[in-house]
Amino acid sequence: MVLLSSSPSLSITSPNYRYSPSRRLCLCPISATHVVTPHHIDKSSLTISETSSEDQLWAAARLRVRSFNEFKPSTFGIQDHKRYLAEREFEALKERIAGKRTGFNRVSCLNASLPLSQLLSLPNDDLCAQCKFIENGEDRVVVGTLDVNQCMSLPDEITGMKPEGIEGQFARGYLSNVCVANELHRNGLGYDLVAKSKAVAQKWGLTDLYVHVAVNNEPAKQLYMKSGFVYENDEPAWQARFLDRPRRLLLWLGLPGNQNW
């Protein structure tokens, strides 16, 4: 479930919710080779923080839809479909954060944002139009997002093995829905988000952190491994075929306080 790294992949991980492909709407997963011209930013005005603000959660949901899927602009009804997908993720995200989703002990949404004024020189205004919110009277744009999940496992994903037993219910965590706006790749935002997620996980008392990544997503694997994750397991081929997606790897990171760290 991913993104901004030093390479042009659109998303660093895969979403832990699945969009049903539609031939009529020409919706498909974004490939790891999708290339855009990077836009360099001034990080002095970058903020990365946990949020439960509905404006920010809505902006994060919109960023996830545009990051994890590719749409043909000329397709009839595509804007309505994008909004439907964003509304579905927005409501699910609110439920996860509020503790209303079975299997999730605790969930936090981390958003990276920049002032709108810094992004006005982008070639098009799609990112600013879709992912804008207002904070303390300032127009800002969500440019990266991820979820930190305290749980035994994520739906339809390989389960981590550490820590073992009942402790896994409280000390195991997963990153999911990690993405950075494709216009802003190669600014190190993916590394910044992952670093912040480690701090949140430690604050919660987690000892083991996991992330799933597609086997063919080299930029994502590079990001996570440079951030300290190592290989633990991989998804059976039959499961990937059944879920109609690239096979996943499961990467593990031991956090300070972990005896094996």
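This is a predicted model: local features need pLDDT of at least 70, side-chain atom pairs count only at pLDDT 80 or more; totals for chains, interfaces and linings use all residues.
Which strands each supply at least two residues of the lining of the largest cavity? Residues are numbered from 1 along each chain as its sequence is written, and side-chain values use heavy atoms, with hydrogens and water left out.

**View 1. The whole chain has seven helices and ten strands.** Helices (H or I, at least four residues) and strands (E, at least two) are DSSP runs, numbered from the N terminus. The protein chain has 261 residues, and 56% of them count as buried; buried means under 20% relative accessible area, exposed over 50%, and partly exposed in between (1.4 Å probe, protein chains only). Its accessible surface is about 11900 Å², with 51% belonging to carbon and sulfur atoms (Shrake-Rupley method, 1.4 Å probe; for residues, only the protein chains shown count as cover).

View 2. Beyond its neighbours within four places in sequence, Leu127 is in contact (heavy atoms within 4.5 Å) with residues including Leu63, Arg66, Val141 and Ala181. Arg66 belongs to helix H1 (residues 54-68) and counts as buried because its relative accessibility is 14%. The side chains of Arg66 and Asp126 are joined by a polar contact of 2.7 Å (N or O atoms within 3.5 Å; within protein, one must be able to donate a hydrogen and the other to accept it, and residues adjacent in sequence count only if both atoms are side-chain atoms).

**View 3. Three strands come together around the largest cavity: E2 (47-51), E4 (106-115) and E5 (132-135).** Each of these strands supplies at least two residues of the lining, and E4 gives the most, with three residues. The lining consists of Thr47, Ser49, Gln56, Asn111, Ala112, Ser113, Phe133 and Glu135. A cavity is a set of points, on a 1 Å grid over the protein atoms alone, where a 1.4 Å probe fits but cannot get out, and lining residues have an atom within 4 Å of a point. The space in the largest cavity is about 30 Å³, the volume being the space filled by probe spheres set on the points, which are joined across faces, edges and corners.

**View 4. Asn136 and Asp244 have positive phi values although neither is a glycine.** Phi is about 50 degrees for Asn136, which is found in the loop between E5 and E6. Asn136 is exposed because its relative accessible area is 79%. For Asp244, phi is near 55 degrees; this residue is in the loop between helix H7 (237-243) and strand E10 (248-254), and is exposed at 60% relative accessible area.

**View 5. Lys162 and Pro163 are joined by a cis peptide bond.** Omega is about -15 degrees, and Pro163 is in the loop between strand E6 (138-150) and helix H4 (168-171).

Technical notes
On a 1 Å grid over the protein atoms alone, a cavity is a set of points where a 1.4 Å probe fits but cannot get out, and a pocket is an open set with protein on both sides within 12 Å along at least five of seven lines; lining residues have an atom within 4 Å of a point.
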